[in-house]
Amino acid sequence: MEIPVSFDYAPAPESRAIVSIKPKYGHFIAGKFVAGSKHFPTINPATEEVLSHIALAGKAEVDAAVKAARKAYTTTWSKMSGKERGKYLFRIARIMQERAREFAVLETLDNGKPIRESRDVDVPLAAAHFFYHAGWADKLEFAGLGTSTKPHGVAGQIIPWNFPLLMLAWKVAPALAAGNTVVLKPAESTSLTALLFAEVCQQAELPAGVVNIVTGDGSTGALIVNHPGIDKIAFTGSTDVGKIIARAVASTPKSVTLELGGKAANIIFEDAALDEAVEGIVNGIFFNQGHVCCAGSRLILQESIADEVLEKLKVRMAKIRVGDPMDKNTDVGAINSKEQLTKIIELTAAGDAEGAQRWSAPCELPTKGFWFAPTIFTGVTQAHRIAREEIFGPVLSVLTFRTPQEAIDKANNTPFGLSAGVWSEKGSRILWATQQLRAGVVWANTFNKFDPTSPFGGYKESGWGREGGRHGLSAYLKGVGHE
Amino acid sequence: MNNRIDVKKTYKLFINGAFPRTESGRTYEVKSAKGVFIANPCLASRKDLKDAVVAARAAQPGWNKATAYNKGQILYRLAEMLEGRRAQFVDEIITVTGVTKAKAEQEVSESIDRLVWYAGWSDKISSLSGALNPVAGPYYNFTIPESMGVIAAIAPETPSLLGLIDTVAPIIVSGNTLVVLASTKAPLSAMSFAEVIATSDVPAGVINILTGKKDEIAPWMASHMDIDGLDITGLTTKNHAEIRISGAENLKRIFSFKSHDPGRILAFMEAKTVWHPIGL
């Protein structure tokens, strides 16, 4: 019998009928949608179709949002018992679960990530974050963070475009559970799911002003950071902007948490289960188009298995399905913006220029939208820009090592310290490596796993503080022992 | 009858387990509360700070690797050595600050007890601050606090000994190494404490002590790219903003403290979360 060489996938598009996108959006302030003054278009990065127009918040809107948040904090939220606050969060979690499909489709349209990921990762995890933190609201005194902790008051939260709804959940859920009210700004290119979340707040009958959402670009973010009415800043984004924020609040009493960039090492020892490791490498760097701060963007291979792993990796990469994010079989979707694509192209060009060897998966890229084929660079040295700078795209830099200590030295040779991966079938080696790696999250024989109970955050220039778990709560409480 | 000329001590820096003079050759004058000359301690330079950071960085992996039991015993040993030399510390405190003997005795006693208190934390802080996280999947997931690396600190002006102990102990007990600037006006306790350190099995480079001017050294500490965290308890608040702005260049963790509690230890630790699959 003759076996066909390969089967082709039939298209399996998710319907977009479940979402209704308005032609224009305003801000969500004091429980109501208010019209914006200026607007900018938001597009589907997979098609360049204009989805809607998003309002650009200026000083007046940010002032109004902060005022609403302060009023809600003083008159309602800080007076409410933790038990009651928690019930609002449980409601939000349940409504997000009920409207999960709507959120997933909207996220994929606005962000360009595969529907498989928004459906199976982003949205369920976002709901889980609210459910988890809901349970903390009436147990804060038992969290082991001190006996006289208090909420900060009004939290200003600025989130990125790579996991729009999930990052909202990481920020809003613990803030509210700890008793703060919030002014949240979603990223310029991905505001739609945050605006849908505002509807969830209305359905949950969350008291007006507890959550305020203002949309806009970096100028809006700066207004929030510098606003004297804000007590706490939480930011996820680039290390460069994180440093600007750290300086901006230096002379204020504002508390800050920063979730910044990374250049994670993914170390494969020669005794690793290689097929599993290859899956882990692919998940580590190509999950969410590599738009992941904790992406395993530096593959550090033991020399004895380097050729074998690279061969297997190329075979596997050739099977990655790049294309329509709404297709349920798609593995890698669109690059989120033209700006980001330009940055990826620039950095990979530097990889060529500095002497690394490029190999890209043979895939056909759509003609419209922003796309970049999954790519690896071999022959990378530690001095190369592609080994030092965060590319934030589907690009993997491959380095090799001979001794375990060399692997650790290379892994730690970065100003970042967000995450790392280690693959070995030997327990003592895994534990040794996890001890040596200077990173806030270490995935051993797995990669890119997230959970609301699991603290996430970086060492060194990857940021300040943790999100998730008992540790993440302390970011939204004051009086935890230091200032 | 007692015509003997006493032998006075030269107060030097404490870097990498040795007592060098400042490379700058600069000193300043310390006088007693009554205005009598006591000593010419070093006015540490930027190069002295750099040397101290190099020593602290080199010592960090080894100190971090020492077991919690071992670190606890070494901190306890500091308390033992301080107890044995308490008379000297009492005298120095009285001479420099002019306080009563009872007050000086109290400060030394509290300093010794504080070292014992922190010694006991070495093998307890992880169990209190760590966690097993019940993730929704077949993974074993735990979070542990780890030392942050090289920390710099500005010790409070007063009390000069107790303030120094409250600065040093919580930073090193977790496995960090340290460069600390002593009280400017009352540096004698700190430099004598260096002699306690040198006889307490604390590895060279784990604690480095400088004397000098806060306004000069604090900005150098803040901008040093190989310092991971900074304790600015000893700085007046008006200087905090400038230090925080400068420290943002490598996102130093910068804190000041009002009390001594486990939070002071945890401030200079990083939480690490590890995932591993569970399966056959």
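The following legends describe close-up views of a predicted model. Local features require pLDDT of at least 70 and side-chain atom pairs count only at pLDDT 80 or more, whereas totals for chains, interfaces and linings use all residues. Residues are numbered from 1 along each chain as its sequence is written, chains are lettered from A and ligands numbered from 1 in the order in which they are written, and side-chain values use heavy atoms, with hydrogens and water left out.

**View 1. Overall dimensions and secondary structure of chain A.** The C-alpha trace of chain A spans about 70 × 50 × 45 Å along its principal axes. Chain A contains 15 helices and 19 strands, defined as DSSP runs numbered from the N terminus (helices H or I, at least four residues; strands E, at least two).

View 2. Domain 1 comprises 27-260 + 460-478 and domain 2 comprises 265-444, with bounds from an automatic or database domain assignment. The C-alpha centres of these two domains of chain A lie 30 Å apart. Their contact (heavy atoms within 4.5 Å) takes 30 residues from domain 1 and 31 residues from domain 2. The area buried between them is about 2,500 Å², of which carbon and sulfur atoms give 57%; buried area is the accessible area (1.4 Å probe) that two parts lose on being put together, summed over both.

View 3. One salt bridge is counted between domain 1 and domain 2 of chain A, the criterion being a side-chain nitrogen of Lys or Arg within 4 Å of a carboxyl oxygen of Asp or Glu. Asp331(A) and Arg116(A) form a salt bridge, with their closest N and O atoms 3.0 Å apart. On the side of domain 1 of chain A that touches domain 2, α3 (100-111) and α4 (115-134) each supply at least two residues.

**View 4. A salt bridge between two helices of chain A.** Glu279(A) and Arg316(A) meet through their side chains in a salt bridge (2.8 Å, N to O). Glu279(A) lies in helix α9 (residues 274-286) and Arg316(A) in helix α10 (residues 303-317), so that the pair links distant parts of the chain, 37 residues apart.

**View 5. The interface of chain B and chain A.** Here 41 residues of chain B are in contact with 42 residues of chain A. The buried area is about 3,200 Å², of which carbon and sulfur atoms give 52%. Leu251(B), Lys272(B) and Trp275(B) supply 22% of the area that chain B buries against chain A, more than any other three residues.

**View 6. Pairs and elements at the chain B side.** Three salt bridges cross the interface of chain B and chain A. The side chains of Glu146(B) and Arg438(A) meet in a salt bridge (3.5 Å, N to O). Elements giving two or more residues to the side of chain B that touches chain A include β4 (139-147) and β10 (269-277) of chain B. The largest share of that side, eight residues, comes from β10(B).
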